[in-house]
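Trainee: Could we go through this structure together, one question at a time? I would like to learn how to read it.

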Number of protein chains: 2
Amino acid sequence: MPRNAIYAQSGGVTPVINASAAGLLLTARQYPQHIERFFAAKNGILGVLNEALIDTAVLSERELHQLKQTPSGAFGSCRHKLKTDAELKRLLAVFQAWDIGYFFYNGGGDSADTCLRVSELARAANYPLQAIHIPKTIDNDLPLTDCSPGFGSVAKYVATSVREAGLDVASMAASSTKVFVLEVMGRHAGWIAAASALASRQAGEPPHLILLPEVPFESERFITLVQDTVARYGYAVIVAAEGVKDTSGQFLSETGLRDAFGHAQLGGLAPTLVAQIKAATGFKCHWAVADYLQRAARHLASATDLAQAVAVGEAAAQLAVAGQSEVMITVERLSDKPYTWEIGAVPLAMVANVEKTMPPEFIDAQGFGITDLARRYLSPLIQGEAPPPFIDGLPDYGFWQWQLETPRLPRYSQEV
Amino acid sequence: MPRNAIYAQSGGVTPVINASAAGLLLTARQYPQHIERFFAAKNGILGVLNEALIDTAVLSERELHQLKQTPSGAFGSCRHKLKTDAELKRLLAVFQAWDIGYFFYNGGGDSADTCLRVSELARAANYPLQAIHIPKTIDNDLPLTDCSPGFGSVAKYVATSVREAGLDVASMAASSTKVFVLEVMGRHAGWIAAASALASRQAGEPPHLILLPEVPFESERFITLVQDTVARYGYAVIVAAEGVKDTSGQFLSETGLRDAFGHAQLGGLAPTLVAQIKAATGFKCHWAVADYLQRAARHLASATDLAQAVAVGEAAAQLAVAGQSEVMITVERLSDKPYTWEIGAVPLAMVANVEKTMPPEFIDAQGFGITDLARRYLSPLIQGEAPPPFIDGLPDYGFWQWQLETPRLPRYSQEV
C-alpha cells in the first residue's frame, strides 16, 4: 500500500536547495506504488508542527524544472530546533493524521539531529516511518560527505567576486583605495573564506590575506602583513569569515562598532577590521559585506554543485522506496583530477551534531591562506556554469504562492 | 602626417570601461594614416603627468578582445582633479614630447571638465590637439547622453542581487530575518538604487522600499513604512543609495556608527539604517554592502551596456580621425520598446560639471519607489547577457603587467 511523504527545508537556504527538492519530487513521481501524495511543509519543520502542508502535485513538471533554477527555499525554511518532547509528539501526530510514511529533511547538522530524533520517536511508538536526511549547507561543515550541496555555488560566487573586486582595487590603488575587505559567511568554519583563494592564479593576485574562524586573530601580526602586502603589490585584498575570533575567543564582530545608542553592532566584522587598518596605517580602505547576496546567487551556481544537489534529492527518493531509513545522503569523492564522485549514504547517528571545520593541513603556515591540498579539494567544487534562463534582463526565478491543505488536527497550541 | 595618441581612464572604474578601450584601440588600428603610436597612460591622468606611458601595440588582437571581457581599469585609473596651471602645462609638455595629436579621456563629469581644459590650453598655446571624451560612469549622472556606459551593468547586478536576496528573505521571514537592507553606490544620484526596482515583477515582490539621495530621509515615516511592509508581506527588502541624506542635508552614513576609537565610521549606511529599524521595531535584520562587488561584476554585464561601451570607444576613434575635437560621445535613444539607439556627440562645454540626478517624474509620490516612466527608461539598459569565458570555474579576466616607455622629459617635480 503506498503511503504519503513530507519534505521540509531547514536552516539557512542556499542557491541550490530547491534543486534537491526538484530532484526528490521528480524521482518520487516515478514510484506511485510507494509514494502516493507528496507534501512539502511550509516554512520547514514549523510547517509540520503547524500542519501547514502544501500538496506538491500542484507543481507541473515544467515548474519542477523552474524550481531547480530558483535559489532559496521555495517552500519556506526556518531556524527552529525541536526542544521538547511535546514538539516531537506533535510531529508524530501530524504524520499519523496524514499517513506519512516518508520524512525527507533537507538541512545541515542540527536538522540531521532532528531527523534522527523524529525517527527514533516513531520507532518507540511503533509508527512505521522512513526518515531520510538530504544534506544542505553553504557552510560545508557536514561530516562524512565530500562536500555539502550549496557550498560549491557560494564558493564560486565568492571567488568570482574577489577576482572582480581585486581588479577594481588594483586599477585605482596608486592614488585611491589601497585596502579592500570582503566579509563572507562562516561563523564556525572557514570554508567559504578559504574558497576565495581560488581567485588567485599566481602569486600577488588577490586575495592576499584570508581570515579564518579556525585561526585566532592577532591584530598586530595582521596589520604588519597588510602593510607588507601593500608595500609589495601596491594594494591588499582581504577576505574575512564573519566568525573570526580574537585570541580570547570573542567574535571580532562583537568588539568593534557601536550604534548611535551605544549598542554593540553585530555583523560588522568588515568595518571593524577597516577601522583597525585605517587607524594603524592611514591607508584608504573600502569594505563589502556580501551577506545574503552570496548564498542566494543562483546566477553564478556551480554546475558541479547543482548536479550534486539534484543527485542527493534523487537518491533520497530512491533509498526511501528501497526501504532505507535513518540515513543521510552523501557525496563520495572518487578522484580529484578529473573530479569524479558518486552518491552514498551514512547512518544519521554518525552525522548528527558533528561539525567539520577546516583541517590544519588545509591552512598554510602563516594562517592567512590555504595549502595546495586545500586548493586540490576546493577547486573541483566550483567547476562549470549553470546560469538560469534570463527574461527581460533578469533571472527568471519562480515565486510561488502556496495553497495549504485543510488541517486535520486541532490547532497546535505551542504554535511558534 | 600621422600623429600619436594617448588614452587615459579616469575616476571609479566600471565593468565595461575596458570594453570602451578595446573599441577605441581596435578601431584606431584601422587608421594608421592618422594615428601612428597609441599610448595608454598608466593610472589615468597621473600617467600623463608622470610620463608613465604604455605602448598599446603590445596588445594582440586576441588580447584586445580579452580586454573587452575584463572589468575595471586595465591601464589603471585615478581620482585626481587637475588643480593648477602647472599641471595643465605639464600635460601639454608631455603631449609635445611624444607628438600627441589625439587625447582620449574615458571618464565622468569631472574628467569631461579636465578634457575641455586641456584642449583649451593646447589651443591657447597653438598646439594642435584633438580632445575627445568617452563617457563612463556607473553613477549614470552624465548629461546629454541617454545613459552612461557602466551603469547598465551595475543596474543589472543590483536588480539581480535584490531578486535573489529577496527570495532568501522571503523563505525564512516567518521565523527569522524580516528586514534586509542592501546598500548600493550613488552618492549624489539615485540611479543605481532606482534600478533595483526592476527586480519586482508584481506588487509585493522586492524591493519594497528604495532610499534615494534625491529624497530627504525622514526616519519616522521610513520606520512606519517598514512596519507596514512587514505587516503586509511578512518581510521587507530595502535598497539604499549610499548618499541618502537626512532632512538637514547630512549624509546618513555619517550620523550613525562609531568605531572603537569613537571615530565616525563612514560608508556604514546599511548598518546605520538597521540599527534604527531594530531599535524601533525589534525585527531581526540583515544587511549587505555591495561596494566594489557591484561595479566590478563583469560576469553579469548587460549586453546592451557592453555594446554601448564598445560603440562609444569606436566612435571616439572615428570622430577623431574625422577631425572632431572637444566633444563627448553620447548614446541617443531612438525608441523605448524596442530599445533602439545610435551614437552621437555633444560639445564638451555643454557637459562639463553638469550632474544628472533622478528627475522628479521618475520618483513615485511616496518617495520610496520609482514610476512607470522610470521603469520604461531603465529596463532597456539591463537587457541581454554577455558573460565572459570561464576557465577552471572562474571568469577568465586579463591581468596585465605593463612595460613603460622610457621618459623623454625630466621627472615631474609635482609627482603625485
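Trainee: Which residues does A:Phe390 touch, not counting residues up to four places away in sequence?

Mentor: Contact here means heavy atoms within 4.5 Å. A:Phe390 sits in strand 12 (residues 390–391) of chain A, where helices (H or I, at least four residues) and strands (E, at least two) are DSSP runs, numbered from the N terminus. Leaving out residues up to four places away in sequence, A:Phe390 touches A:His299, A:Pro395, A:Asp396, B:Lys156, B:Leu300 and B:Glu385.

Trainee: Before we go on, where do these values come from?

Mentor: This is a predicted model, in which local features need pLDDT of at least 70 and side-chain atom pairs count only at pLDDT 80 or more, while totals for chains, interfaces and linings use all residues. Residues are numbered from 1 along each chain as its sequence is written, chains are lettered from A and ligands numbered from 1 in the order in which they are written, and side-chain values use heavy atoms, with hydrogens and water left out.

Trainee: What rotation superposes chain B on chain A?

Mentor: Two copies of a chain are related by a rotation about an axis and a shift along it. The copies are superposed by least squares on the C-alpha atoms of residues with pLDDT of at least 70 in both. Here the shift along the axis is 0.0 Å and the RMSD is 0.0 Å, with a rotation of 180 degrees. That is the relation of a two-fold axis.

Trainee: Which residue of chain B comes closest to the rotation axis?

Mentor: Look at the C-alpha atoms of chain B. At 2.5 Å from the axis, the closest is that of B:Val289.

Trainee: How much area do chain B and chain A bury between them?

Mentor: Buried area is the accessible area (1.4 Å probe) that two parts lose on being put together, summed over both. The contact takes 78 residues from chain B and 79 residues from chain A. Of the buried area, 61% is on carbon and sulfur atoms, and the total is about 6,300 Å².

Trainee: Which residue of chain A forms a salt bridge with B:Arg295?

Mentor: A salt bridge is a side-chain nitrogen of Lys or Arg within 4 Å of a carboxyl oxygen of Asp or Glu. Between chain B and chain A there are four salt bridges. In the one formed by B:Arg295, the closest N and O atoms are 2.7 Å apart, and the partner is A:Asp168.

Trainee: Is B:Thr229 buried or exposed?

Mentor: B:Thr229 lies in helix 8 (residues 219–233) of chain B. Among the residues it touches are B:His208 and B:Tyr235. Buried means under 20% relative accessible area, exposed over 50%, and partly exposed in between (1.4 Å probe, protein chains only). With a relative accessible area of 8%, B:Thr229 is buried.

Trainee: And is B:Asn126 buried or exposed?

Mentor: B:Asn126 is in the loop between helix 5 (109–124) and strand 5 (130–135) of chain B. This residue has a positive phi of about 60 degrees although it is not a glycine. Since its relative accessibility is 71%, B:Asn126 counts as exposed.

Trainee: What is omega for the cis peptide bond that joins B:Lys337 and B:Pro338?

Mentor: B:Pro338 lies in the loop between strand 10 (327–335) and strand 11 (340–347) of chain B. For the cis bond joining B:Lys337 and B:Pro338, omega is about 5 degrees.
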